[in-house]
Amino acid sequence: MKLFLLTQEQVRGYDTYDSCVVCAKNEDKARLVRPSRTWEDSTPYPSWATNPSKVNVKYIGDAEPSMKEGVVLASFNAG
């Protein structure tokens, strides 16, 4: 497993996530991880990019062997 930094600039402002660190097998899998909810959820007030193609992914290192796939840490802009 690897660690990736995900960022997005599509959805900004209060009650949104600007970034998160995720554990995933590869960049494609990492891009599909969301800090909250799923891609199928529809809401008039999204808190993350509305499409995986709008997510920036940067490899930052290898994960500990015991780590599971998913969000490790997220940055939320509460308002």
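Analyst: E27 and R31 lie four residues apart in helix 1 (residues 27-31), so about one helical turn separates them. Helices (H or I, at least four residues) and strands (E, at least two) are DSSP runs numbered from the N terminus. This is a predicted model, in which local features need pLDDT of at least 70 and side-chain atom pairs pLDDT 80 or more, whereas totals for chains, interfaces and linings use all residues. Residues are numbered from 1 along each chain as its sequence is written, and side-chain values use heavy atoms, without hydrogens and water.

The side chains of E27 and R31 form a salt bridge, at 3.1 Å from N to O; the term requires a side-chain nitrogen of Lys or Arg within 4 Å of a carboxyl oxygen of Asp or Glu. The structure holds one such bridge. E27 is partly exposed, at 38% relative accessibility (buried is under 20% relative accessible area, exposed over 50%, partly exposed in between, with a 1.4 Å probe and protein chains only).

In strand 2 (residues 16-24), eight of the nine residues are buried. Strand 2 runs antiparallel to strand 1 (residues 2-8), with six bridges between them, and L3 faces C23. Seven bridges join strand 2 to strand 4 (residues 70-77), also antiparallel, and there Y17 is opposite F76. Pairing requires at least two DSSP bridges between two strands.
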